[in-house]
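Please keep the sequence and the coordinates at hand while reading.

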Amino acid sequence: MTSAIRHDSPRFVKLLIRITGELGDVYGDKAYSSRKNVGIAVERGGRPFLMPKNNASNRAKGHQAWKDMMNYREEHPVAFKNRYHKRSNAESTNSAFKRKFSDILNSRKWNMQKIETGIKVVIYNIRLLIRYRIRTEMELLD
């Protein structure tokens with residue numbers, strides 16, 4: 001959840017800081033693509049696959065991690081694209097969640113909005129578990 005006041009790129013660092021341990025692969029769209037964000041992902045043990053903006057250059061400008069990511073993208077375009085598109089799973093989940101519960105919150109206060117969203121997430125996950133259980137039981141009956 002973010003407020004609509006600013007774009008999401010500055011929040012990238014806050015998201016990474018919350019994760020303990022090594023990150024592994026880090027995926028993000030053009031909104032998160034910046035030399036600083038790529039550098040932070042590498043510092044935290046991640047391998048960034050952030051889609052660069054159309055006008056982005058591969059010059060390091062003091063950020064070697066950016067140059068490394070851009071070189072990998074140039075040398076292995078299919079592999080980069082395949083890795084990058086794993087973020088589609090998260091986008092699909094967000095889309096399904098918003099279709100089910102809408103992207104409008106009824107609560108006015110920020111604290112209550114967080115609670116409301118948390119409850120919706122729990123309900124969504126329980127719903128998925130029930131659907132999974134029904135499918136597996138149907139397969140057992142066949």
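Predicted model: local features only at pLDDT ≥ 70, side-chain atom pairs only at ≥ 80, totals over all residues.

Arg 87 sits in the loop between helix 4 and helix 5 (88-101), while Asp 29 sits in the loop between strand 1 (24-28) and helix 2, so the pair ties together parts of the chain that are 58 residues apart in sequence.

The two partners fall into separate accessibility classes: Arg 87 has a relative accessible area of 16% and is buried, whereas Asp 29, at 24%, counts as partly exposed. Because buried means under 20% relative accessible area, the value of 16% places Arg 87 in that class.

## Salt bridges within helix 6

The count of salt bridges comes to 5, and two of them can be described along helix 6 (residues 110-141). Glu 116 pairs with Lys 120, the closest N and O atoms lying 3.4 Å apart; these residues are 4 positions apart in helix 6, so about one helical turn separates them. Both Glu 116 and Lys 120 are buried.

Arg 133 and Glu 137 form another salt bridge, in which the closest N and O atoms are 3.0 Å apart, and they too lie in helix 6 with a spacing of 4 residues, about one turn of the helix. Here Arg 133 is exposed, at 56% relative accessibility, and Glu 137 is partly exposed, with a relative accessible area of 38%. Elsewhere, salt bridges that share partners join Asp 29, Arg 87 and Glu 91 into one network.

In soluble globular proteins, nonpolar side chains tend to be buried together. In this chain the largest nonpolar core has 19 residues, and those with the most contacts inside it are Phe 12, Leu 16, Val 26, Val 38, Leu 50, Met 69 and Phe 80. Two or more residues are given to this core by each of helix 1 (11-17), helix 2 (35-43), strand 2 (46-50), helix 3 (64-75) and helix 4 (77-84), and helix 3 supplies the largest share, with 5 residues.

Which residues does Leu 50 contact, once its neighbours within four places in sequence are left aside? Among them are Phe 12, Val 26, Val 38, Met 69 and Phe 80, each of which is also listed with the most contacts inside the core.

Val 122, Ile 126, Ile 130, Ile 134 and Met 138 make a nonpolar surface patch of about 470 Å². One of these residues, Ile 134, has its place in helix 6 and is partly exposed, with a relative accessible area of 48%.

## The chain as a whole

The secondary structure comprises 6 helices and 2 strands, which follow the pattern α-β-α-β-α-α-α-α when read along the sequence. The radius of gyration is 19 Å, whereas a compact globule of 142 residues would have a value near 14 Å; along the principal axes, the C-alpha atoms fill a box of roughly 55 × 45 × 30 Å.

Of the 142 residues, 27% count as buried, and the accessible surface comes to about 10,600 Å², with 54% of it belonging to carbon and sulfur atoms. Among contacts with a separation of 6 or more, 39% are between residues 24 or more positions apart.

Definitions and conventions: Residues numbered from 1 in each chain as written. Heavy atoms only, no water. Core = buried A, V, L, I, M, F, W, Y, C linked by side-chain atoms within 4.5 Å. Buried < 20%, exposed > 50% of the residue type's maximum accessible area, 1.4 Å probe, protein only. Contact = heavy atoms within 4.5 Å. Patch = residues over 30% accessible without salt bridge, like charges linked within 9 Å, V, L, I, M, F, W, Y side chains within 5 Å. Areas by Shrake-Rupley, 256 points an atom, 1.4 Å probe, with all protein chains shown as cover. Salt bridge = Lys/Arg side-chain N within 4 Å of Asp/Glu carboxyl O. Rg over C-alpha atoms; globule rule 2.2 N^0.38 Å.
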